[in-house]
Amino acid sequence: MSPDSLNIATLDGDAVDLDPTALEGIPEKARVLPSDPRFDEATLIWNGLVDKKPALVIQPESLTEVVSIVDLARDHGLLLSIKGGGHNISGLALADRGVTLDMSRMNDVRVDAKRRVVHAGPGCLLGEVDRATQERGLVTTLGFVSQTGLAGLTLGGGFGYLTRRFGFTVDELIEVEIVTADGQIRRSNHESELDLFWAIRGGGGNFGVVTEFTYRLHEVGPEILGGLIAWPARDHAADVLGLYQELTAQAPRELTLVVTMRLAPPAPFIPEKWHGKPIVAVVACHTGDPAQAEDDLAPLKGLGHPIADLIVPKTYVEQQSMLDATQPKGANYYWKTEFIPGLSDDFLPVFVHIGSAIESPMSQMMMFHLSGAVNEHAEDDGAVGNRDAAYVTGAAGAWPAGDPDGDRYQAWVRQSWEKIKPFSTGGNYINFQTIDDDRARIESSYRANYDRLQRVKSEYDPGNLFRVNRNLAPVQ
Ligand SMILES: Cc1cc2nc3c(=O)[nH]c(=O)nc-3n(C[C@H](O)[C@H](O)[C@H](O)COP(=O)(O)OP(=O)(O)OC[C@H]3O[C@@H](n4cnc5c(N)ncnc54)[C@H](O)[C@@H]3O)c2cc1C
C-alpha cells in the first residue's frame with residue numbers, strides 16, 4: 001500500500017514530496033515502506049551505533065529495475081544509498097530519510113568451472129559465494145567473516161586468508177556490470193571502460209550500482225588446516241608476538257596468520273576459569289600441502305601451554321565462517337586501523353600494551369598478515385593502492401548496544417590508534433573507516449591514486465548521485 005506522497009531527502013539536504021506515480025516503473029512488491037513488515041529486516045545493518053531510517057527501501061530483482069531506480073533518483077535528485085551486506089562499519093548502506101536500494105534479492109552465483117570464473121550478484125554474502133565455488137573445489141579471495149557483503153568488500157579492495165597467495169579481492173576481479181548515474185548499463189573490464197574498471201577496484205560505491213561481479217577462481221580445498229590457538233595473555237603475549245613475527249617473516253604464501261588479543265569469550269572451547277581473562281590467540285589458515293601445513297604450524301602448536309588448540313583439518317568453508325559468532329549484527333562497533341610495512345621489534349610491545357588494556361568483553365586488538373601477492377602489483381594497478389602493506393593492524397572496539405561503558409571503550413580505540421599511527425605506511429583500509437574519519441583520512445587511503453579517482457568520479461558521476469559512501473566529491 002503506497003501513501004499519497006513520500007517525503008524523501010534530496011541530494012542537497014532538503015526534502016521533497018514524491019508523488020507515488022513516480023514509482024510506476026518499479027514493481028509494487030519491490031517497494032518496502034516503513035509500515036511494511038519487511039522494513040526492519042531490510043534496514044538492519046551490522047553496526048548498532050548507526051541510527052538512520054530511510055524513507056523508502058527498494059529491493060530490485062533485475063537489471064532493468066536497477067536502471068529505473070537510478071533514473072528515478074537522478075531525475076528527482078533523491079538521496080540514494082546502496083545496501084550490499086549492510087556490514088560497513090560507517091553504516092553506508094543506509095541514508096537517513098533517503099531511498100535505499102537493497103540488493104539482497106540479486107544474489108545469484110554462477111560458477112563456470114571450465115573457464116575458472118564465478119559470476120556473483122551484488123546481494124551475495126561472502127559465504128554464499130564460497131559455498132558455491134567450493135562445490136567445485138575452487139575459490140576466489142574473500143574476507144574472514146562469511147556474513148559480510150560481497151559488493152562492499154570487493155569495491156573497497158578486499159582481503160582474506162588467500163590474499164598472500166592471490167592479492168586483494170579486486171586483483172581477482174575481472175569484470176563488472178554496472179549502472180552509472182546516467183542510467184547506462186556498462187560492462188567494465190581490462191579492455192572496456194578502462195578508467196571505470198580501474199576506479200571501481202578500490203574506489204567503493206562512488207561510480208554506480210554494480211549489478212554483477214566476475215572473479216577469477218583457483219583450486220583450493222575443500223580441506224585445509226586451520227583454526228585458532230589461544231594462550232593466557234599475561235604469561236604468553238610477548239612470546240606469541242615474537243613467534244608471530246618470526247613465522248610471518250618466512251611463512252609460505254599458503255599460510256596466513258592473524259593474531260588477536262582480547263578477553264576470553266565464554267565459549268565452550270575455552271576452559272571456564274579463563275572466561276573474561278585476557279588471552280592472546282592466533283588464527284591460522286594453511287591452504288598448502290597437508291604435511292607441509294603440519295610442519296609450518298608445529299612451532300605455534302608447540303609454544304607454551306595453550307588453553308585451547310582448535311587448529312585441525314577442516315573444510316575451507318568452515319574456516320571462512322569460524323569467526324562469524326564473534327561479530328554479531330546489532331552490537332556497537334568502532335575501529336581504527338592502519339596498514340603497516342613490517343613488524344618491527346618496537347611495534348610488538350606496543351601491540352601487547354594496547355591488547356592488555358582491553359576492558360570491553362567484545363573488543364580486540366588485531367593484526368592480519370597480508371604480504372605476498374599484493375606487493376607484486378604496481379601502486380596504480382587499481383585504485384586500491386597500498387601495495388606497500390605487509391600487515392593491517394588496529395583496535396576493534398565492540399560492546400553490546402546500550403552498554404553504559406560504550407564511551408570508555410570507544411576512547412580505548414582512539415588512544416590505541418595514536419600509539420599505532422607512528423608505525424603506519426601512511427595508508428589505511430577504506431573499508432575499515434568510521435563515520436568520523438574525515439576527507440584527509442579518505443585521501444590517505446588512496447594516497448597517489450586519489451587525484452585520478454576524483455577525475456574518474458567527475459567523468460562518471462558529475463552530480464555526485466552516488467554519495468553515500470566514502471565519498472570522492474567530483475571536481476566542479
Ligand atoms: C564483521 C566484519 C568482518 C569484515 N572482514 C573483512 C575482511 O576479512 N576483509 C575485508 O576486506 N573487509 C572486511 N570487512 C570490511 C568490509 O569489507 C566492509 O564492511 C564492506 O563495506 C562490507 O560490504 P557490505 O556489502 O556488507 O557493505 P554495505 O554496508 O552494504 O555497503 C558498503 C558500501 O558499499 C557500497 N555498495 C554496496 N553494494 C553496492 C553495489 N552493488 N554497487 C555499488 N556500491 C555498492 C555502498 O554504497 C556502501 O557505500 C569486514 C567487516 C565486518 C563488519
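Helix H3 (residues 126-134) lies across S7 and strand S8 (117-120), at about 30 degrees to S7. Here helices (H or I, at least four residues) and strands (E, at least two) are DSSP runs numbered from the N terminus. Angles run from 0 to 180 degrees between N-to-C directions, with axes as lines fitted to C-alpha atoms, for helices over the stretch in contact. Contact puts two C-beta atoms, placed from the backbone, within 7 Å.

A word on the source: this is a predicted model, where local features need pLDDT of at least 70, side-chain atom pairs count only at pLDDT 80 or more, and totals for chains, interfaces and linings use all residues. Residues are numbered from 1 along each chain as its sequence is written.

S7 and S8 belong to an open antiparallel sheet of five strands, ordered S7-S8-S12-S10-S11; strands pair if DSSP finds at least two bridges between them. Its edges are S7 (109-112) and S11 (185-189), and the twist averages 15 degrees from one strand to the next. Helix H2 (residues 63-76) also packs on this sheet, touching S10, S11 and S12. Five bridges join S10 (residues 173-179) to S11, including Val176 with Ser188.

The helix directions, side by side:

| Pair | Angle |
|---|---|
| H3 and S7 | about 30 degrees |
| H2 and S12 | about 135 degrees |
| H8 and H11 | about 145 degrees |

Now the ligand. Domain 1 (6-104) and domain 2 (109-219) both give residues to its shell, so the ligand lies between them; the bounds come from an automatic or database domain assignment. H4 gives the largest share, five residues.
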